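Have the model open beside you and follow along.

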Amino acid sequence: MTKRHEGGAGPAAEQPEAAVPARHGVILGALVALVVALSTVIYLTVAADDGTPGSALAGNRTHRDSAAAPASTGTWVGSWAAAPVGGEPGTEGTGLAGRSVRNVVHADAGGTGARITLSNLYGQSPLTISHASLALAAGDGTAAAAAETMRRLTFNGSAGVVIPAGGQIVSDAVRVAVPHGGDLLVTTYSPTASGPVTYHPHARQISYVADGDRTEDPTAAPYTQQTPYWRYLTAVDVLSNEADGTVVVFGDSITDGVTSTIGANRRWPDVLAGRLRTALGGGRQLPRYSVVNEGISGNQVLADGFGRPAENQSGLGRFGRDALSRTNVKVVVVDLGINDILRNPRLADPDRITAGLRTLVRQAHARGLKVVGATLMPFEGHRGFTAAREAVRQQVNARIRAGGVYDAVVDFDQALRDPYAPHRLLPVYDSGDHLHPSDLGFAKMAETFDLYALRGAGQAEL
């Protein structure tokens, strides 16, 4: 705080001539102090951001931006994410031109501001978004927004943006109080045909579509169409005082939560996030991390899906995009490999699977990140089960348990298998298809996870 100078406050006519230079010195000193104070404010504002893409909250006055909003300080972390999987069937020609897409997503970490990432990875032409908005949901299972939280999103200061085919865009930040564990509505409107819509098909969450530009309509009335997909949206980051970094859970349909209850947020990463937040409240010496889900159903470590760019890209191919590039990532949790066994028309090679997993770990270590890896769970009774495939699973698990793949291990196989028939899931943890867990199984996975494994930076190359 700059101290005010005393004296020299009288009219110039009452001062002798010799006092004039002194008055100039006082004025000059005051100006210098003002410059120093402003520089300090600018420095502190810049230092509050972690340097990831997106504009600062300061000065970003948006539609319905509340003057009573919380102070824009904290750390940018991932609060929600979903991996782009492919181009939505049936949208190859016009995309979703002339319709508003209202994605419903569940925030993990809370914060005082938010920004989003939109993807046109699988589009074959530029995607025009003329309007976009973010709001808190008015309740569970609804397209209605809490009207006072409605925010117009901008992109480099403009309400509209054109995302090139294969590209993505991060919005400017908006000032909004995001509660942890709350549902957010992210709405986009595209006025023109864009070709295939980049989507995540197994959302386990109902989202909504309306005809026309209803981007900032807080009511549910125009949103008469429901969808089980997330479209265009791949991330929501928050400026948080609750978290100092992000845990990325990277996996297949088991991580994607394909058999979890729709709309209930019972995927195992959801439960893990809740456990971590509760443990922090108990004063345990744990890192303050948010958790985001980068699971894709059917994903393999080694093999891509069809198309160009490849749909359901391999773990090796998408790791940089979906894990390493997430905002302020500190730890990656990998649960991947069972589809390399199940979907390989020939017998899978355990050496190639574990070599692929080690490659992911090396890439993470190069960024100073820790990697926690999971054993592969049993699947006897599933239509793809054979004794030979079971032998491959056992070999992969033996190498994971021996410590030659990951920095730390969570043994989902041991936790969920039937002790009397260890090639099978325990029935109470089985969704019924003998591969994917039930809600109770997902909860058991999260409970099995040692939260202390999240501590520490990446280790040297194995």
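**Starting from a loop residue**

Setting aside neighbours within four places in sequence, Thr215 is in contact with Ser100, Arg102, His131, Ala132, Ser133, Met150, Thr187, Tyr189 and Tyr223, where contact means heavy atoms within 4.5 Å. Thr215 sits in the loop between β13 and β14; helices (H or I, at least four residues) and strands (E, at least two) are DSSP runs, numbered from the N terminus. With a relative accessible area of 2%, Thr215 is buried. Here buried means under 20% relative accessible area, exposed over 50%, and partly exposed in between, with a 1.4 Å probe and protein chains only.

A word on what you are looking at: this is a predicted model, in which local features need pLDDT of at least 70 and side-chain atom pairs count only at pLDDT 80 or more, while totals for chains, interfaces and linings use all residues. Residues are numbered from 1 along each chain as its sequence is written, and side-chain values use heavy atoms, with hydrogens and water left out.

Now for the sheets. An open sheet of 6 strands runs in the order β7-β6-β11-β3-β13-β14, with antiparallel pairing; two strands pair if DSSP finds at least two bridges between them. Its edge strands are β7 (151-152) and β14 (225-227), each of which pairs on one side only. Look at β3 (residues 99-106), where 6 of the 8 residues are buried. On one hand, β3 pairs with β11 (residues 183-190) in the antiparallel sense over 8 bridges, and Arg102 has Thr187 in β11 as its bridge partner. On the other, β3 pairs with β13 (residues 207-211), again antiparallel, over 4 bridges, and Val101 has Val209 in β13 as its bridge partner. Both Arg102 and Thr187 are among the contacts of Thr215.

Another open sheet has 3 strands in the order β2-β12-β15, with antiparallel pairing. β2 (86-87) and β15 (230-231) stand at its edges with a single partner strand each, so one side of each has no neighbour in the sheet. Strand β12 (residues 198-200) pairs with β15 over 2 bridges, and the bridge partner of Tyr199 in β15 is Arg231.

Arg231 also takes us to the salt bridges. A search of the whole structure finds 17 of them, a salt bridge being a side-chain nitrogen of Lys or Arg within 4 Å of a carboxyl oxygen of Asp or Glu. In one, the side chains of Arg231 and Glu88 meet at 2.7 Å, N to O. This pair links distant parts of the chain, with Arg231 in strand β15 and Glu88 in the loop between β2 and β3, 143 residues apart. Arg231 is buried at 8% relative accessible area, and Glu88 is buried at 6%.

What about Arg318 and Asp322? Their side chains meet in a salt bridge too (2.9 Å, N to O). They are 4 residues apart in helix α4 (residues 315-324), and so are separated by about one helical turn. Arg318 counts as buried at 0% relative accessibility, and Asp322 is buried at 1%.

Next, the nonpolar cores. A nonpolar core is a set of buried Ala, Val, Leu, Ile, Met, Phe, Trp, Tyr and Cys residues joined through side-chain atoms within 4.5 Å. The largest has 34 residues, of which Ile116, Leu118, Leu233 and Val236 touch the most other members. A second, separate core of 31 residues includes Val329, Leu336, Ile353 and Ile400.

Ile400 brings us to helix α7 (residues 387-401), where Arg389, Glu390, Val392, Arg393, Val396, Asn397 and Ile400 are buried. Seen down the axis of α7, these buried residues fall within an arc of 155°, so they line one face of the helix; the arc is that of the directions from the helix axis to the C-beta atoms. The buried residues of α7 pack against α5 (338-342), α6 (350-366), β20 (370-374), β21 (408-410), α8 (412-416) and β23 (421-425). Finally, Glu390 and Arg393 belong to a network of salt bridges that also links Arg401, Asp411, Asp413 and Arg417. Just after α7, Gly403 takes a positive phi of about 85°.
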